[in-house]
Amino acid sequence: MTKSQVVFDPFSEEYFNGPWDIYRRMREETPVYYNEAEDFYALSRHEDVSAAYKDFATYSSAYGLDLAMVRSGEPPPMKMIILMDPPEHRHMRSLVNKVFTPRAIEAMRPMVTETIDRYLSAADPTGFDVVQDFSAYFPVDIITTMLGVPEDKRQQVREWVDTSLHREPGQIEMSDEGMAAIAEAMGLYFQLIQERRNEPQDDMFSRLVAAEIQREDGGVESLEDFEIAGFATLLGGAGAETVTKLVGNAVVEFARHPEQWQKLLDDRSKIPAAVEELLRYEPPVHYNVRRSMREVHLHGVTIPEGKPVFLLQASAHRDPDAFTDPDTFDIDRDRTEAQNLGFGYGVHSCLGAALARMETAIALERLLDRMPRYEVLWNQCERVAMQNVAGWSHVPVRVL
Ligand code: HEM
């Protein structure tokens, strides 16, 4: 019997519901996958994905970060750090690094803890939906607080982000509602930046307005309003959806592997290792899309110049050539075996990684206190259908 052809359709119901088997077949049978219908390529082996993340000259970010943008061949309409190649990226990263120093993030710990506690204590102690009642709210609250968005607008930002990322099965382009939501968020940010230029406060908008770097020619560079607004829009999406999904994934995986939850109950010092294993095993970001800037020859396939290439980090994490027993969820695994690509790799590696790790670790700490024993109501769980981010929209639990 001949095997059916592997089909990787990142906008299909089947994909949203868990693509691990598709990834395995891609790694084994077609490591440089070509999707003829949509005219894109995908790399799935750890060695290839990690090398591609590092090789920004061959795999450019400057044409967009999803299929729709990259295949349009046009530079994206918005100026965002994640959509830049070096040297432009290097300048921007130096500027925004100034507001994301380890010290600045550590200084956020009391606010992060207070925000997480506030949302968790509002949830029903006998049973609640971990995503809908908890993890959907606190990350966006934290990032918008850091930025300086007034309290009454913070949840509105989350709704705008959700609308812009949502995709129906089969839908590749952003919807009109999604575009409108981004425009509304940008409008709010422009207004706040103007206010901070006139009257600086103790927030990230004010620090971004004030941030300067010395150029090689001796001149000084700072950020324009539209660059700050673009950055804030990016942070809203990057900082909110991902942590939401990681915490939802955590509760699902620990319910499936109660012996791993027990390890954390016995020894809280394992929480940071658990966060890393969650990022490996069920990463909220499954892939980033790049554009090939030259012809690439790999595993007998030629990727022409100018094509969208999916870098499937989630597949790379399950590559047996990189990790021993990759399909086993084990918070004690040897993390030095291979690079964890959960926060990306290379020049674009996640700017918010320290914040994300802190938020997730505190959330796990509080969930261990709140629900040392719990069960997931599996028949009421639902997955999200979103661009790039994978995970659950509904994870109801009963506390035992
Ligand atoms: C578990 C949570 C998170 C995950 C899994 C995650 C994942 C990622 C990944 C995979 C990239 C690389 C994108 C690429 O190479 O094209 C990235 C970049 C980025 N992330 Fe995160 N992220 C998380 C949380 C956050 C948070 C909390 C923030 C900010 C508050 C943030 C801000 C950013 C920014 C600004 C970039 C772009 C960096 C650049 O282009 O130089 N992320 N993230």
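Q: Hi! Is Asp21 buried, partly exposed or exposed?
A: Asp21 is partly exposed in this predicted model. Its relative accessible area is 45%, and the cut-off for exposed is over 50%.

Q: Where does Asp21 sit?
A: Asp21 belongs to helix H2.

Q: And what is the distance between the C-alpha atoms of Asp21 and Val6?
A: They are separated by 9.9 Å, with Asp21 and Val6 lying 15 residues apart along the chain.

Q: OK, helices then. How many residues of helix H15 are buried?
A: Ten of the eleven residues in H15, which spans residues 271-281, are buried, so the helix is largely enclosed by the rest of the structure.

Q: Which ones are they?
A: The buried residues of H15 are Ile271, Ala273, Ala274, Val275, Glu276, Glu277, Leu278, Leu279, Arg280 and Tyr281.

Q: What covers them?
A: The cover includes helix H2 (20-29), helix H13 (225-256), helix H14 (258-266) and H17.

Q: Why does Glu276 count as buried?
A: Because its relative accessibility is 12%, and buried means under 20%. Glu276 is part of helix H15.

Q: What does Glu276 contact, leaving aside its neighbours within four places in sequence?
A: Glu276 is in contact with Arg335, Asn340 and Arg357.

Q: Let's zoom out. How many helices and strands are there in the protein chain?
A: The chain has 17 helices and 14 strands. With a radius of gyration of 21 Å, close to the 21 Å from the globule rule for 400 residues, it is as compact as a globular protein of that length.

Q: What box do the C-alpha atoms fill?
A: Roughly 70 × 55 × 40 Å, taken along the principal axes.

Q: How much of the chain is buried?
A: Buried residues account for 56% of the 400 residues. Among contacts with a separation of 6 or more, 70% are between residues 24 or more positions apart.

Q: And what about the accessible surface?
A: The surface of the protein chain is about 17500 Å², and carbon and sulfur atoms contribute 50% of that.

Q: Last one: how many positive and negative charges are there?
A: There are 41 positive and 66 negative charges, and their mean positions are 3 Å apart.

Technical notes. Residues are numbered from 1 along each chain as its sequence is written. This is a predicted model: local features need pLDDT of at least 70, side-chain atom pairs count only at pLDDT 80 or more; totals for chains, interfaces and linings use all residues. Side-chain values use heavy atoms; hydrogens and water are left out. Helices (H or I, at least four residues) and strands (E, at least two) are DSSP runs, numbered from the N terminus. The radius of gyration is taken over C-alpha atoms; the globule rule is 2.2 Å times the number of residues to the power 0.38. Buried means under 20% relative accessible area, exposed over 50%, partly exposed in between (1.4 Å probe, protein chains only). Contact means heavy atoms within 4.5 Å. Accessible areas come from the Shrake-Rupley method with a 1.4 Å probe; for residues, only the protein chains shown count as cover. Lys and Arg count as positive and Asp and Glu as negative; His and the chain ends are not counted. The place of a charge is taken as NZ of Lys, CZ of Arg, CG of Asp or CD of Glu.
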